[in-house]
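I opened the model today and kept notes on what I looked up. The entries follow in the order I made them.

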Amino acid sequence: MNYQVLLTEMFTATLMSLQIFLFTLIVSLPLGLLVALGRMSKLKIVNLPVRFYILIMRGTPLMLQLLFMFYALKPLFGIQLDRVLAAEVAFALNYAAYFAEIYRGGLEAIPKGQREAAKVLGYTKSQAFFHIVLPQVIKRITPPMGNEFITLVKDTSLAQVIGVVELLKVTSQWVSSAVDMTPLVIAGLFYLVMNGIVTRAFTVLENRLSYYQ
Amino acid sequence: MSQTILTATDIKKGFDGEEVLKGISLEVRRGEVLAIIGPSGSGKSTLLRCIAQLESVDSGLISVCNDVLVQNGPDGRAVYSSPEQCRKIGLRLGLVFQNFNLFPHYSVLKNITDAPVRVLQKSREEAVAAARELLKKMGLSEKEDAYPYQLSGGQQQRVSIARALAMNPEILFFDEPTSALDPELTGEILRVMRQLAAEHMTMVVVTHEMQFAHDVADHVIFMDGGTVLENGTPDEIFSHTRNERTRAFLSRFTE
């Protein structure tokens, strides 16, 4: 086994995994907040479709959603996404649903007196939301968000079902062709390192937010 | 006689069909302290919250400094003024809550300066100078860098009074400001409120502190079951009431 070639290929594939990871976060973190607000809306015409969306995203396998995004859009809508984009969109839509429920939990935990105090002091609704409510929500949702980030690092490996060449795909190709288990161990270490960094980042964030209770 | 700065006439408000305010009227003149007393559930807090725009009224008139916040339309239901007018009126009112509602992620100083800077567009230096002045008055000068969770309930309530005062309100409302505090801390807050009264701050105070209402208020309103049962000077209410219900309520405090 040529380890230099192996490692080069695994690094390249890891970059693909990271690309999916980052794209998913950049889209689904703000999208999840919008979904949460829609879910909490008192208007049925807003909250019913949003609840349906969350039900679909959490109630069906992510792998199915990946397959759907790559294979089903063409016959249904005449749209063909390339493999990587299909994976990214599927991940972003799926994670937005989970993030939305986490945001909602955080938003509902903020006492209504906080918004009332802000209103009486003359803050506009958006000032109250972004300066008073959201910072407190972020502190509360940091631990469950850490869980989701870690899960996402590992979930990126599912993208291989629609032919995306990410870390685990390359690894399994090497394992099956060379009948050598070493790549599996290396891949495990790669995932561990990525999640070690994620864990560390969340620890730092939690510490930085621990200045108040 | 000084000018009337708050008028509320025939305020009605219901929650889910149950009428909580059944036609409340009151007037507050500049520099006056109005105490609203009465049993729990009588609608005192709801009345304050309606005037502070935290609840909307079903019908009635509210005006502040001759600007109408809400009045009855032709069908007898409440019609609010434009959002700009409502906001302008809101900025003339301050409210101190029973459970303080300080912003936990802001330091004491930031709690007091944030709204003047963000809402009134004051410069940071100006806001900080004013906040330090207020903290000095509240006896909390050394606490400006503390966070709310590090303070006692009495200190938190004094910060929240300072936060309300920093907006230079024309009228300051207190919604049972001492109900979450033990007797010792209650004393701290009442001292601050007495001092504000002595400086002729216009105040409307919902309270269960009868001694405070008796000593400090210029007028006292006794509410029960969503109506004003009595409206008079402290002497009229506390010493010479002819109302059976008022007497029964007050007797529990004098025993």
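Entry 1, chain A overall. This is a predicted model. I began with the contacts in chain A that have a separation of 6 or more, and residues 24 or more positions apart account for 77% of them. I then listed the secondary structure of chain A and found eight helices and zero strands. Along the sequence the pattern reads α-α-α-α-α-α-α-α. I noted the span of the C-alpha trace of chain A along its principal axes, about 70 × 45 × 20 Å. Chain A has 213 residues, and 46% of them are buried.

I looked at helix 3, residues 62-77, and found a kink of about 45° at Tyr71(A). The kink comes shortly before the proline Pro75(A). Just after helix 3, Gly78(A) has a positive phi of about 70°. I wanted to know which residues of helix 3 are buried. They are Leu62(A), Gln65(A), Leu66(A), Met69(A), Phe70(A), Ala72(A) and Leu73(A). These buried residues pack against helix 2 (44-59), helix 4 (83-109) and helix 6 of chain A.

I searched the whole structure and got 18 salt bridges over all chains. I followed up three of the pairs.

The side chains of Glu108(A) and Arg104(A) form a salt bridge at 3.6 Å, N to O. Both residues sit in helix 4 of chain A, four residues apart, which is about one turn of the helix. Arg104(A) has a relative accessible area of 17%, so I put it down as buried, the limit being under 20%.

The side chains of Arg49(B) and Glu116(A) meet in a salt bridge at 2.7 Å, N to O. Arg49(B) belongs to helix 1 (residues 44-51) of chain B and Glu116(A) to helix 5 of chain A, so this pair joins two chains. I checked burial on both sides: Arg49(B) is buried at 13% relative accessible area, and Glu116(A) is buried at 12%.

Glu199(B) pairs with Lys137(B), with 2.7 Å between the closest N and O atoms.

I read off a volume of about 1200 Å³ for the largest pocket. Its lining has 34 residues, and those nearest the centre are Arg115(A), Lys119(A), Lys125(A), Gln53(B) and Leu54(B). I sorted the lining residues by type and got 18 nonpolar, seven polar and nine charged. Which elements each supply at least two residues of the lining? In chain A they are helix 1 (3-40), helix 5 (112-120) and helix 6 (125-155). In chain B they are helix 2 (83-90) and strand 7 (93-96). Helix 5 of chain A gives the largest share, six residues. Helix 5 of chain A also holds Glu116(A), from the pair that joins two chains.

Key
Residues numbered from 1 in each chain as written. Chains lettered and ligands numbered in written order. Predicted model: local features only at pLDDT ≥ 70, side-chain atom pairs only at ≥ 80, totals over all residues. Heavy atoms only, no water. 1 Å grid on protein atoms, 1.4 Å probe; cavity = no way out; pocket = protein on both sides within 12 Å on 5 of 7 lines; lining within 4 Å. Points joined across faces, edges and corners; volume = space filled by probe spheres on them. Nonpolar A, V, L, I, M, F, W, Y, C, P; charged D, E, K, R; others polar. Bend = angle between axes of the 7 residues up to and from the residue. Buried < 20%, exposed > 50% of the residue type's maximum accessible area, 1.4 Å probe, protein only. Contact = heavy atoms within 4.5 Å. Salt bridge = Lys/Arg side-chain N within 4 Å of Asp/Glu carboxyl O.
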